[in-house]
Amino acid sequence: MAKTKAGRRACVSSGEDDTGESAPAQGEQAQTRCGFVALIGAPNVGKSTLINALVGTKVAIVCHKVQTTRALLRGIAIVDGAQLVFIDTPGIFAPKRRLDRAMVTTAWSGAEDADIAAVLIDAKRGLDEEAQVILERLAALRPSKILLINKIDLVEKSALLRIARAANERARFAATFMISALSGDGVGDVRAWLPRHVPEGPWHYPADQITDAPLRQLAAEITREKLYLRLHQELPYQSTVETDVWKQLKDGSTRIEQGGWVGRGGRRGVGGGGGGGGRGRRPPCEWGGGK
């Protein structure tokens with residue numbers, strides 16, 4: 001295990017991942033490639049949906065509500081012998097609260113530390129005020145930048161071309177892609193381009209690892225996603241879920257006990273059945289069948 005720039009740890013492993021890609025042998029390290037790709041953009045432009053599509057499985061929760069992603073999350077894929085580490089960042093917008101400012105700062109820092117910054121634009125919204133602010137700040141960003149125009153199935157082709165032309169006039173992009181993260185249209189082109197443009201170097205994670213998040217955190221995030229999807233006005237925005245117990249049972253299933261907190265006193269316990277007193281917590285729940 002070795003330290004790399006920005007505090008990242010390099011970990012070279014042998015073996016084979018789900019796609020059949022083998023980890024590089026020790027003598028082949030100089031010929032391998034590994035790069036960090038940060039996905040940045042305004043809220044609800046499809047960053048989490050895209051990282052799931054790029055990795056090939058669900059590593060980030062997806063919700064129609066804005067600012068579901070609060071911290072950096074990494075999804076990992078092996079493509080053409082290169083290890084691509086995708087960073088899902090919080091949406092960038094004009095912050096009003098301390099939490100908002102922290103999330104926006106996290107997004108920009110994630111982009112600055114990456115090798116490639118992938119800027120997502122919602123094709124239906126076009127270059128709105130939030131997109132304009134992001135494009136203006138890109139000039140000061142160190143990494144190479146690519147433009148991803150998402151949700152192309154919602155607008156006419158002529159509109160897509162206008163967005164691409166205007167965005168490239170505002171910022172310098174190494175490449176422009178038109179994609180639909182939801183359907184997968186154009187995502188393969190992005191996956192094919194990236195391995196050729198990330199730097200040479202050893203892989204940072206084992207070949208079979210798809211995210212840097214532990215299973216307990218992933219379980220908590222999935223529960224938080226379901227709460228957002230099922231509860232609306234009754235669930236405060238500042239809510240979170242933590243995994244308290246993770247126990248393997250004899251029948252092969254896993255018992256997961258989680259606690260949920262909400263942030264505003266007037267609504268505490270509404271989502272978790274805690275009676276409104278103090279912090280609202282969900283009662284323990286048992287999920288069978290997982291291993």
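Eight salt bridges are counted in this structure, a salt bridge being a side-chain nitrogen of Lys or Arg within 4 Å of a carboxyl oxygen of Asp or Glu. The model is a predicted one, in which local features need pLDDT of at least 70 and side-chain atom pairs count only at pLDDT 80 or more, while totals for chains, interfaces and linings use all residues. Residues are numbered from 1 along each chain as its sequence is written, and side-chain values use heavy atoms, with hydrogens and water left out.

Confidence comes before detail. The mean pLDDT (the predictor's confidence in each residue, from 0 to 100) is 75 for the protein, and 60% of its residues reach 70 or more. Strand E8 (residues 175-178) has the highest mean, at 98, whereas strand E2 (residues 9-10) has the lowest, at 34; helices (H or I, at least four residues) and strands (E, at least two) are DSSP runs, numbered from the N terminus. Over residues 1-19 pLDDT stays under 50, and it also stays under 50 over residues 265-291.

The side chain of Asp122 meets that of Arg125 in a salt bridge of 3.8 Å, N to O, and Arg125, which is partly exposed at 32%, forms another with Glu130, the closest N and O atoms being 3.2 Å apart. A further salt bridge joins Arg170 and Glu136 at 3.3 Å, N to O; because Arg170 lies in helix H4 (residues 157-170) and Glu136 in helix H3, this pair ties together parts that are 34 residues apart in sequence. Through shared partners, salt bridges join Asp122, Arg125, Asp128, Glu130 and Lys151 into one network.

Helix H3 (residues 129-137) has Ala131, Ile134 and Leu135 as its buried residues. These cover an arc of only 100 degrees around the axis, so they lie on the same side of H3, the arc being that of the directions from the helix axis to the C-beta atoms. The face turned away from that buried side carries the exposed residues Glu129 and Glu136.

Key
Contact means heavy atoms within 4.5 Å. Buried means under 20% relative accessible area, exposed over 50%, partly exposed in between (1.4 Å probe, protein chains only).
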